[in-house]
Amino acid sequence: MPQINIQIREAKLEDLKTLKEFEQGVVEYEREFSPTLKKGTITYYDIAGLIKNKDADVVVAVLEDKIVGSGYLLTKDSKPYKNPPKYAYLGFMYVLPEFRGKGINGKIIEDLMNKAKGRNLIEIQLDVYAENESAIKAYLKRGFKPDILKMRLNTEDK
């Protein structure tokens, strides 16, 4: 794989237009895996709120002044019966289609993992659709392990 010069930096409010386009890219990509997503434009994230949130880190991957990827870390409280008491949740993992397969998502994850360590968070979690094999493979490569599998049933499909 040829080496490309990707820079990871904190997202800024000026990046919001691009990040909202990325959000729709995430939604469109995930429609293949989730029949429960509503049609049309939907919003998963309060991106501006995450950028401003002291408990979050939103990062972008930049190649030659073009934002080509994104991700965030959000510090969350664990359930009262779980350890550790807080964990890092990763989300909004997106790379423009023409830049996939170049290790960009891995660089984003690595940066967010370092930010988690900097926040003294030893547990990192994320959600991925069970049928999203390429994403699962990428996360396994970074050391993530499967945990709980959420299951669903639509009685109208029976």
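How many of the 12 residues of strand 3 are buried? Strand 3 is mostly covered, with 9 of its 12 residues buried. Buried means under 20% relative accessible area, exposed means over 50%, and partly exposed is in between (1.4 Å probe, protein chains only).

1. **What you are looking at.** This is a predicted model, where local features need pLDDT of at least 70, side-chain atom pairs count only at pLDDT 80 or more, and totals for chains, interfaces and linings use all residues. Residues are numbered from 1 along each chain as its sequence is written, and side-chain values use heavy atoms, with hydrogens and water left out.

2. Five strands make an open sheet in the order 1-2-3-4-5, with mixed pairing. Strand 1 (7-10) and strand 5 (124-126) are the edge strands, and each pairs on one side only. From one strand to the next, the twist averages 30°. Two terms need cut-offs here. Strands (E, at least two residues) and helices (H or I, at least four) are DSSP runs, numbered from the N terminus. Two strands pair if DSSP finds at least two bridges between them.

3. **Strand 1 against strand 2.** Strand 1 and strand 2 (residues 56-63) run antiparallel and are joined by 4 bridges. Look for E10, whose bridge partner in strand 2 is V59. Q7 stands opposite V62 of strand 2.

4. **Strand 2 is enclosed.** A56, V58, V60 and V62 point one way. D57, V59, A61 and L63 point the other way, and all are buried.

5. **Strand 3 and its partners.** Strand 2 and strand 3 pair over 8 bridges in the antiparallel sense. A61 has G69 of strand 3 as its bridge partner, and V59 has G71. The hairpin of these two strands has 2 residues between them, and E64 takes a positive phi near 50° there. Strand 3 also pairs with strand 4, again antiparallel and over 8 bridges. In that pairing, L73 stands opposite L90 of strand 4.

6. **A helix across the sheet.** Helix 3 (residues 104-118) lies across strand 1, strand 2, strand 3 (66-77), strand 4 (86-95) and strand 5. It runs at about 160° to strand 4. For such angles, axes are lines fitted to C-alpha atoms, for helices over the stretch in contact, and the angle runs from 0 to 180 degrees between N-to-C directions.

7. In soluble globular proteins, nonpolar side chains tend to be buried together. The largest nonpolar core here has 42 residues, and V68, Y72, F92, I104 and I108 touch the most other members. Strand 4 gives the largest share of this core, 8 residues. A nonpolar core is a set of buried Ala, Val, Leu, Ile, Met, Phe, Trp, Tyr and Cys residues joined through side-chain atoms within 4.5 Å. Leaving aside neighbours within four places in sequence, I104 is in contact (heavy atoms within 4.5 Å) with I4, I6, A61, V68, V95 and F99.

8. **Aromatic pairs.** The whole structure holds 8 aromatic pairs. The ring centres of F22 and Y94 are 5.0 Å apart with planes at 50°, so this pair is tilted. F22 is in helix 1 and Y94 in strand 4, so the pair ties together parts 72 residues apart in sequence. For Y45 and Y72, the centres are 5.7 Å apart and the planes at 80°, so the pair is edge-to-face. Both Y45 and Y72 are buried. Rings of Phe, Tyr and Trp (its six-membered ring) pair if their centres lie within 6.5 Å; planes under 30 degrees apart count as stacked, over 60 as edge-to-face and the rest as tilted.

9. **A cluster and a charge.** Y44, Y45, Y72, Y89 and F92 form one aromatic cluster. Over the ring of Y89 sits the charged end of K76, 4.4 Å from the ring centre. The test is NZ of Lys or CZ of Arg within 6 Å of the ring centre and within 35 degrees of the ring normal.

10. **A loop residue.** D55 lies in the loop between helix 2 and strand 2. With 31% relative accessibility, D55 counts as partly exposed. D55 touches L73, L74, T75 and R119, not counting residues up to four places away in sequence.
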